[in-house]
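Morning, everyone. One model today, and a quick look at its surface.

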Amino acid sequence: MSTDSGKKKRKSAAFSIFQFVVILFFSSFVVTVSFFLFFNFSEAPTEQIQQSAISTLGNVIFVSVLMWVFYSLYKKATVDRPVKRIIGGLKKITAGDFSERIQTYDSPFIEEQYDTIIESINKMSGELAGVETLRTDFISNVSHEMKTPLAVIQNYAALLRSPQLTEADRLEYAQSIGDASKRLAALITNILKLNKLENQQIFPESKPYDLSEQICECLLEFETEWEKKRIEIETDIDDDIVINADSELLCLVWNNLFSNALKFTDEGGTVRVSVKRADDAVRVAVGDTGCGIDSETGKHIFDKFYQGDTSHASRGNGLGLALVRRIIDITGSQITVDSAVGKGSKFTVIFPESDGI
């Protein structure tokens, strides 16, 4: 560090000398030209001209020194000072202090561009602070979500070692371990998919396909779940609705919406699925008679790991709807939510007419 500091000081001193030489050369050139023009039309004796030249040279050097000092002070006040403030702020931001905000000058003596640079740096610092918060929360939430199924697996694995277990208990514990393993696998899968989507490592490959058929196939995959909870499935699906989109990505959307609808609908409830072409658009609606969500929760349901209904926190990891939102964004479609506490929720995905065939 001391070597770098020494190099900077020598470089600064050399630059100051260079500035002085430039000012001296410019002043000497201007005065010399003026001197010759003046005495060229003068009848003054040669000795007087020589004496005047010597005194003029001294004056040139004196004036050059004054100009250099004045310029150095001016540069220090209007350039070095704001640059030093900016560098100081950037050092703190680089060290990880994203709360740092550099004060602007708002002075007529300071170039406006410095305030523009400072405002841009402050905006960048604010964005970095948000990203850092998201990163910290993401790591914290991932750790928490992974600990829960891992703890279940460890506890039931320890219980399985007991020689006094009945066969029924052994099967129950094995089932619990299997469920926890599936939940952990689903969490990791969603994290990887979401990471690829957010880093633009997955690009939609649009091609025409039958949306009606896809919805039916995805819904049938959850038949075991709705039969287990005795949930009634109501469908209103128009036949042969073909859209131009990425079928694999949208399959993730339907799976997550169906999973949430069945997950938050109590036994004996109803889940409604409709696919309609109306108002120059194709609309896919997934509704349920579950617990519903309040307006405040509705603002955050597409955020990663957000779980507004704490009573159902153990049922999911809060990544499903974040994945849905990202897919909806990159495929150019839209999604709306209509929900009320105690009355259920309805998610509607809208494809513009240009996406239809």
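Predicted model: local features only at pLDDT ≥ 70, side-chain atom pairs only at ≥ 80, totals over all residues.

Residues are numbered from 1 along each chain as its sequence is written, and side-chain values use heavy atoms, with hydrogens and water left out.

The protein has nine helices and seven strands. Those are DSSP runs: H or I of at least four residues, E of at least two, numbered from the N terminus. Of the 357 residues, 31% are buried. Buried is under 20% relative accessible area, exposed is over 50%, partly exposed is in between, with a 1.4 Å probe and protein chains only.

Now contacts, meaning heavy atoms within 4.5 Å. Take those with a separation of 6 or more: 71% join residues 24 or more positions apart.

On to the patches. Members have over 30% relative accessible area and no salt bridge; like charges are joined within 9 Å, nonpolar side chains within 5 Å. A salt bridge puts a Lys or Arg side-chain nitrogen within 4 Å of an Asp or Glu carboxyl oxygen.

The negative patch gathers Asp106, Glu111, Glu112 and Glu119. Glu111 sits in the loop between helix H2 (46–94) and helix H3 (112–160). Glu111 is partly exposed, at 47% relative accessible area.

The nonpolar patch is Ile61, Val65, Val69 and Leu73, together about 310 Å² of accessible area, by Shrake-Rupley with a 1.4 Å probe. Ile61 belongs to helix H2. Ile61 is partly exposed too, at 38%.

How values were computed. Lys, Arg positive; Asp, Glu negative; His and termini not counted. Charge placed at Lys NZ, Arg CZ, Asp CG, Glu CD.
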